[in-house]
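The numbered points may be read alongside the sequence and the model.

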Amino acid sequence: RNLTRDLIIREAVVTTEAKAKEARSFAEKMITLGKNGSLASRRRALSFISDKDAISKVFDVLSERYEERQGGYTRITKLGPRKGDAAPMVRLELV
């Protein structure tokens, strides 16, 4: 939840590959709810991410940006292994 919230607010985060793949699905669902724009969709989004600033950004800014797009709102770019434990690091960003 926190990684998805950070992705929505900052529009790009650097994290491990496994976490990015999981957060991507949640972020795409939140943007799809934002495109719907109904009160029920807003409440469903608030039940997952309790940050009102992030939800207002989804429903006001991101829903207009991705109005014509049918999906694929995020991009994962591989950065290489992390120094300490060699975990594969990626940059997850909104397209």
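1. Glu 17 is buried, because its relative accessible area of 18% falls under the 20% limit for that class. In this predicted model, the residue belongs to helix α2. Leaving aside neighbours within four places in sequence, Glu 17 is in contact with Lys 78, Pro 88 and Val 90.

2. Thr 16 is placed in strand β1, which spans residues 12–16. Thr 16 is likewise buried, with a relative accessible area of 15%. Residues up to four places away in sequence not being counted, Thr 16 touches Arg 82, Ala 87, Pro 88, Met 89 and Val 90.

3. How do the axes of helix α2 and helix α4 cross? Helix α2 covers residues 17–36 and helix α4 residues 52–65; their axes come within 8 Å and cross at roughly 90°. The two helices are therefore roughly perpendicular.

4. The residues that form this meeting can be listed from both sides. Helix α2 contributes Met 30, Ile 31, Leu 33, Gly 34 and Lys 35, and helix α4 contributes Val 58, Phe 59, Leu 62 and Ser 63. Classified by residue type, the contact of α2 with α4 comprises six nonpolar, two polar and one charged residues.

5. The largest nonpolar core contains 22 residues, and those with the most contacts inside it are Ile 8, Met 30, Ile 49 and Leu 62. At least two residues of this core come from each of α1 (2–10), α2, α3 (39–48), α4 and β3 (88–94). Helix α2 provides the largest share, six residues. In soluble globular proteins, nonpolar side chains tend to be buried together.

6. Not counting residues up to four places away in sequence, Ile 49 touches Thr 4, Arg 5, Ile 8, Met 30, Ala 54 and Ile 55. Of these partners, Ile 8 and Met 30 are also named among the core residues with the most contacts.

7. Is Arg 69 buried, exposed or partly exposed? With a relative accessible area of 35%, Arg 69 is partly exposed. Arg 69 lies in the loop between α4 and β2 (74–81), and the side chain of Arg 69 reaches the backbone oxygen of Gly 72 at 2.9 Å. Residues up to four places away in sequence being set aside, Arg 69 touches Lys 35 and Val 95. Lys 35 is also one of the α2 residues that meet α4.

Note on methods: Residues are numbered from 1 along each chain as its sequence is written. This is a predicted model: local features need pLDDT of at least 70, side-chain atom pairs count only at pLDDT 80 or more; totals for chains, interfaces and linings use all residues. Side-chain values use heavy atoms; hydrogens and water are left out. Axes are lines fitted to C-alpha atoms, for helices over the stretch in contact, and angles run from 0 to 180 degrees between N-to-C directions. Helices (H or I, at least four residues) and strands (E, at least two) are DSSP runs, numbered from the N terminus. Angles under 35 degrees count as roughly parallel, over 145 as roughly antiparallel, 65 to 115 as roughly perpendicular and the rest as oblique. Contact means heavy atoms within 4.5 Å. Ala, Val, Leu, Ile, Met, Phe, Trp, Tyr, Cys and Pro count as nonpolar, Asp, Glu, Lys and Arg as charged, and the others, Gly among them, as polar. Buried means under 20% relative accessible area, exposed over 50%, partly exposed in between (1.4 Å probe, protein chains only). A polar contact is a pair of N or O atoms within 3.5 Å; within protein, one must be able to donate a hydrogen and the other to accept it, and residues adjacent in sequence count only if both atoms are side-chain atoms. A nonpolar core is a set of buried Ala, Val, Leu, Ile, Met, Phe, Trp, Tyr and Cys residues joined through side-chain atoms within 4.5 Å.
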